[in-house]
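Hi there,

Here is the structure I promised to pass on. Have a look at it first, and my notes follow below.

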Amino acid sequence: MRVAVIGGGSWGTAFARLLALSGHDTTLVCRDPVQADAIARHHRNPRYLFDVELPDSLAAVQIEGADLSGAELVALAVPSRWFAGVTEAIAERLAPRAVLLSLTKGLDPTSRRRMSELLGDVADSRRVAVLSGPNHAEEVARDYPTASVLASDDIELARRLQRELSTSRLRVYASRDVVGVELCAAAKNVMGLAAGVSDGLGFGDNAKAAIITRGMAEMTRMGEAFGAQPRTYAGMAGMGDLVATCTSRHSRNRRAGELLAKGVPAEWIEMELGQVAEGLTTAPALRGLAESRDLELPITAAVCDVAFGGKTPLEALAELMAREPTKQ
């Protein structure tokens, strides 16, 4: 299969490496021509995962002017805030029957739309799919075993991509619950921020377990309101990714939460991390989406208050703990 992976960050690099090693004719498409040239010449990404050797068969090009007409699969691994612009920029260069795969976990910050909805603006939904799960790029790039969910409105497309993308170290599950997979992917990043704030305040395992458990309750409530399947939330895209994001040393969102707890302004965190923490973009969009359905998401609201509303983490915690008691 001829594949173009759009996005030269850590996840795009790891995913492109995986495909190239699996025998697919793969090109990594980068925004920066210097980065693309370095990957093509030295078979390493100079900015992300630089200690991981990339296969000689992996090509790299700059996105501007890149020929995508021969790609059967175009996978997008770009930050959610740039996703709409990148999709629009490449639309006219796509092959008529190309499959579009979102690897991005978030919501568009302006429209609050899911990534598959943005892809649906340039392709029939039966040619659109999403991939999500506990897939830290640092581990995928080192061939550690993992699993993902691949969802599409066309279950036959999901099953075909499942066969194409599965390897001895990546187990792929097929689903038609696109809404559930994407909402899980967006919301778990916000819960990762909350878990990081807890870590930054020096709290222990009890607090982390409470965040994961009540975070899953928020995620499930959100999914039900938008027609997602409950089983999705118990699977890799839901519980699997939530646990990884809230506990892993590789989690950018958890690390971003730690920085918030230490008083680092939200707008400085990306510079500190050197990478995007999607939860910071997604939290306000997720809260707005929930409010459009009269949904109460207290952890999400608390994260927004700390990151953008001027509240201290301890003030937000006090409000959470003082909420009216409810049934589990």
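How many aromatic pairs does the count come to? The count comes to one aromatic pair. Please keep in mind that this is a predicted model.

Aromatic rings also turn up next to charges. Arg31 places its charged end over the ring of Trp82, 4.3 Å from the ring's centre. Arg293 lies over the face of Phe226, with 4.1 Å to the ring centre.

Now to the overall build. The chain has 15 helices and eight strands. Its radius of gyration is 19 Å, close to the 20 Å that the globule rule gives for 328 residues, so the chain is as compact as a globular protein of that length. Along the principal axes, the C-alpha atoms fill a box of roughly 55 × 40 × 35 Å. Of the 328 residues, 54% count as buried. The chain exposes about 14,900 Å², and carbon and sulfur atoms supply 49% of that area.

The largest nonpolar core has 48 residues, and Met219, Met222, Leu260 and Leu280 touch the most other members. Among the elements that each supply at least two residues of this core are strand E7 (146-152), helix H8 (205-225) and helix H13 (278-291). H7 gives the most to this core, with 12 residues. A second, separate core of 37 residues includes Ala14, Phe15, Leu54 and Ala77.

Best wishes

Technical notes: Residues are numbered from 1 along each chain as its sequence is written. This is a predicted model: local features need pLDDT of at least 70, side-chain atom pairs count only at pLDDT 80 or more; totals for chains, interfaces and linings use all residues. Side-chain values use heavy atoms; hydrogens and water are left out. Rings of Phe, Tyr and Trp (its six-membered ring) pair if their centres lie within 6.5 Å; planes under 30 degrees apart count as stacked, over 60 as edge-to-face and the rest as tilted. A charge sits over a ring if NZ of Lys or CZ of Arg is within 6 Å of the ring centre and within 35 degrees of the ring normal. A nonpolar core is a set of buried Ala, Val, Leu, Ile, Met, Phe, Trp, Tyr and Cys residues joined through side-chain atoms within 4.5 Å. Buried means under 20% relative accessible area, exposed over 50%, partly exposed in between (1.4 Å probe, protein chains only). Helices (H or I, at least four residues) and strands (E, at least two) are DSSP runs, numbered from the N terminus. The radius of gyration is taken over C-alpha atoms; the globule rule is 2.2 Å times the number of residues to the power 0.38. Accessible areas come from the Shrake-Rupley method with a 1.4 Å probe; for residues, only the protein chains shown count as cover.
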